[in-house]
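Let's take a friendly walk through this model together. Have the sequence and the 3D view open side by side as you read.

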Amino acid sequence: MTNNDISLRTDADGLVHLPGLPSFDPTDIAENAVISRLAGNWRRRATVKRDEPDLDALFDADRADYPERIIPFRDHPTWQALPDELRSRLLSWAWIAYNRHTVLAEQRVANPAFALVMEGEFPGLGEHDMEIALAQAMVDEQYHSLMHISASALTRRKRKHAFPDRVLPDSHTARTHQLLRAQWTERWQRSLTTLAFATVSEISINAYLDLLADDPDIQVVNSTTARLHNRDEYCHASISDEMAKLVYDVLDADKRRFFLDMLVAGLDAFVATDYASWTAILAAEQVPGADRMIADVQADKSSSRLVRDYTGLHSLMSEMDVLGEVDFDWGLAEVKK
C-alpha cells in the first residue's frame with residue numbers, strides 16, 4: 001500500500017491508523033487489501049484511477065460467504081435436503097443481506113441519531129468534544145457502509161450472480177424503527193426513538209459483527225470486513241453509552257420511561273432473526289418447501305434471536321440502575337461478567 005500522501009499512526013498493538021479509516025494490521029494481507037481498496041475508492045473522486053489491490057485474488061470459491069452455523073433453519077430437513085450448489089448460493093444471499101442490513105443500520109439509525117445530537121436536539125449534549133467525536137464517528141460510518149457495499153460487489157462479481165438488493169425488504173430493525181417513529185405525534189418521541197435505536201445498534205453491533213469476524217471458515221475478505229468494522233464500533237459503543245446516560249439524566253420521569261421502552265424495543269428488533277428477508281430470499285430462489293420450513297422454525301421460540309450476547313446494553317442499564325424497570329428476557333442472554 002502506498003501512503004506517501006497519507007499521515008500514518010501506529011498504536012502499541014502494531015495497528016496502523018489512517019485518518020478516518022478503520023485501524024488495520026499492515027502484516028495481514030486481507031486487512032491491508034480491504035483498507036487499500038477502501039482508501040482508493042474514497043479518493044477516486046479527486047484523483048486519477050490507480051492500480052487497486054487484488055481483492056479478487058483472496059477469493060476462494062470453495063469457501064462459504066456466510067456461516068451456515070447461524071442460519072436459523074440449518075438443521076431443518078428441507079434445508080439439509082437442498083443441493084450443495086443451492087445452499088452455497090443461499091449463503092451468498094445471506095452475506096448480501098447482512099451487508100445491506102449493516103448499511104441500513106448506519107444510514108437510517110446511527111448517523112441520523114448522531115446528527116440530531118450535533119444539531120442540539122438533546123439537552124446536555126452540546127459540548128465541543130462530543131461534537132468532534134460524533135463528527136468522526138459519522139465519517140467512520142460512511143466508510144463502514146462503503147466497506148460492506150464493496151464486499152457485496154465482490155461477492156456478486158465472483159459468484160457471477162446478481163443477488164439484487166431490490167429483492168430484499170428493509171431490515172427488521174430499520175422497519176421497526178420507522179414504524180415506531182411514524183406512530184408518534186411528538187417530536188421528542190421520534191427523536192428519543194432514534195437515539196434509543198442508535199444506542200442499541202452501536203452498543204450491540206459488536207456481537208453481531210463477531211458472528212462473522214472470528215469465523216475461520218468463510219471468505220477471508222468477508223470475515224476481515226467484519227473484523228475491521230468491529231474495531232471502530234468498540235469506540236462508538238463508548239460514545240453511545242455516554243450519550244445515553246447524559247440524556248437520561250436530564251429527562252423528566254415520563255420521558256425517561258419512554259426512552260427505556262424504546263431501548264428495549266430497539267434491542268428486541270436488533271437481536272431478532274429477520275424472517276422477512278429469508279422469506280424473500282427463499283422465494284427468489286424458488287426453494288421448494290420454504291414456507292413450511294420458515295413456519296416450523298418461527299414456531300420454535302428458541303431460534304427467534306440471531307444475537308444472544310447482550311452484554312453492552314445490560315451493562316449500560318446496570319450503570320443507569322434501571323435493570324429492574326425494563327421488560328426484557330435477559331434469561332436467554334449471554335451476559336459476560
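Is D165 buried, partly exposed or exposed, going by its relative accessible area? D165 is partly exposed, with a relative accessible area of 33%; here buried means under 20%, exposed over 50%, and partly exposed in between (1.4 Å probe, protein chains only).

Before going further, a word on the model: it is predicted, so local features need pLDDT of at least 70 and side-chain atom pairs count only at pLDDT 80 or more, while totals for chains, interfaces and linings use all residues. Residues are numbered from 1 along each chain as its sequence is written, and side-chain values use heavy atoms, with hydrogens and water left out.

**The chain overall**

The chain has 11 helices and two strands, taken as DSSP runs (helices H or I, at least four residues; strands E, at least two) and numbered from the N terminus. From the N terminus, the order is β-β-α-α-α-α-α-α-α-α-α-α-α. Of the 337 residues, 53% are buried. Among contacts (heavy atoms within 4.5 Å) with a separation of 6 or more, 73% join residues 24 or more positions apart. The chain exposes about 15,700 Å², of which carbon and sulfur atoms supply 50%; this area comes from the Shrake-Rupley method with a 1.4 Å probe.

**Salt bridges**

There are 15 salt bridges in the structure, each being a side-chain nitrogen of Lys or Arg within 4 Å of a carboxyl oxygen of Asp or Glu.

K245 and D241 are about one helical turn apart, because they lie four residues apart in helix α7 (residues 220-250). E68 and R87 also belong to a network of salt bridges that includes D84.

**A buried glutamate**

E106 lies in helix α3 (residues 84-118). What is the nearest side chain of opposite charge to E106? That is R108, 12 Å away, and E106 is buried yet has no salt bridge; for charge, Lys and Arg count as positive and Asp and Glu as negative, with His and the chain ends not counted. The E106 side chain does make a polar contact with the side chain of H229, at 3.0 Å. Such a contact is a pair of N or O atoms within 3.5 Å; within protein, one must be able to donate a hydrogen and the other to accept it, and residues adjacent in sequence count only if both atoms are side-chain atoms. Leaving aside residues up to four places away in sequence, E106 touches several residues, including E141, H144, E202 and E233.

In helix α10 (residues 290-299), the buried residues are A290, M293, I294 and V297. Seen down the axis of α10, these fall within an arc of 95°, so they line one face of the helix; the arc is that of the directions from the helix axis to the C-beta atoms. They pack against α2 (77-80) and α9 (275-284), while D291, R292 and A299 are exposed on the other side.

Most residues other than glycine have a negative phi. Q286, in the loop between α9 and α10, has a positive phi of about 50° although it is not a glycine, and Q286 is exposed at 70% relative accessible area. K160, in the loop between α4 (128-159) and α5 (172-183), likewise has a positive phi, of about 55°, and K160 is exposed at 73%.
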